[in-house]
Amino acid sequence: NILDNLNINASPSDNERAAVRIDGNNNTIRNSVIWSDETYALRIYGTSNTTLENSILNSTWGADIKYDDNVGGITNLTNVTFNKSDVVFGSGSTGRIYVNWYLDVNVTNVNYEAVEGANVTAWDVFDNEVFSELTNSSGEIARKTLLEYTQNSTDTTYYTPCLLYTSPSPRDLSTSRMPSSA
């Protein structure tokens, strides 16, 4: 199921307490705003593999994301705005969320001219190489999706900040660090 361009402002019905309730596999929600002042924004009710992209989750009543008791599955969030402290896992839940963000890179020299063929490499906090790619004639690489952190009922693991390095000419190019939002 793919849902696109939703604008949901929810109130509870039948004690479901969810603006969006997920109970199935392979659901994708894109370019959406899910808001409520009386329910959870997103409730994972059954085992699912869910993807949210370019969206906003906001509940002023309870959790932005809630996994019910004894529920598993993976929820991938890419470029999704939500309150990181408003994620709740029910008793026995084995679900996990993956929070990702886009990275666009443009490499220029000291004269602000695009550098073709520069190697852009990124490493996560565990010193694992995330990607390595050469820039095109516009000084760009393809958009990357970087993992910020994963979370389950007992643990949160951060993979940022990422170290970005460009070569071959460190004198003309720069090294930067992707800020951590933690």
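Guide: Then let us start with T121, which is buried, at a relative accessible area of 8%; buried means under 20% relative accessible area, exposed over 50%, and partly exposed in between, with a 1.4 Å probe and protein chains only. This is a predicted model, in which local features need pLDDT of at least 70 and side-chain atom pairs count only at pLDDT 80 or more, while totals for chains, interfaces and linings use all residues. Residues are numbered from 1 along each chain as its sequence is written, and side-chain values use heavy atoms, with hydrogens and water left out.

Visitor: Where is T121 found, and which side chains does its side chain make polar contacts with?

Guide: T121 is found in strand β12, residues 119-123; helices (H or I, at least four residues) and strands (E, at least two) are DSSP runs numbered from the N terminus. Its side chain makes a polar contact with the side chain of N119 at 2.7 Å, and another with the side chain of S132 at 3.0 Å. A polar contact here is a pair of N or O atoms within 3.5 Å, where within protein one must be able to donate a hydrogen and the other to accept it, and where residues adjacent in sequence count only if both atoms are side-chain atoms.

Visitor: And what is T121 in contact with, leaving aside its neighbours within four places in sequence?

Guide: Taking contact as heavy atoms within 4.5 Å, T121 is in contact with E129, F131, S132, L163, L164 and Y165 once those neighbours are left aside.

Visitor: Let's switch to the whole chain. How many helices and strands are there?

Guide: The chain has 0 helices and 17 strands. Of its 182 residues, 41% are buried, and among contacts between residues at least 6 apart in sequence, 50% join residues at least 24 apart.

Visitor: Which strands does β7 pair with, then, and in what sense?

Guide: Strand β7 (residues 48-59) pairs in the parallel sense with strand β4 (residues 27-30) over 4 bridges, and 4 bridges also join β7 to strand β5 (residues 33-36), again parallel. With strand β9 (residues 73-81), β7 pairs in the parallel sense over 8 bridges; two strands are said to pair if DSSP finds at least two bridges between them.

Visitor: Which residues are bridge partners there?

Guide: I29 has L52 in β7 as its bridge partner, and L52 in turn has L77 in β9. For S36, the bridge partner in β7 is S59.

Visitor: What about L57: buried or exposed?

Guide: L57, which lies in strand β7, is buried, because its relative accessible area is 2%. Not counting residues up to four places away in sequence, L57 touches I34, A41, L42, L52, D64, I65, V80, T81 and F82. L57 and A19, which are 38 residues apart in sequence, are 9.5 Å apart in space from C-alpha to C-alpha.

Visitor: Last topic, rings. How many aromatic pairs does the structure hold?

Guide: It holds 4 aromatic pairs, where rings of Phe, Tyr and Trp (its six-membered ring) pair if their centres lie within 6.5 Å, and planes under 30 degrees apart count as stacked, over 60 as edge-to-face and the rest as tilted. One of them is the stacked pair of Y67 and F89, 5.1 Å centre to centre with 10° between the planes. That pair links distant parts of the chain, with Y67 in strand β8 (residues 65-67) and F89 in strand β10 (residues 87-89), 22 residues apart.
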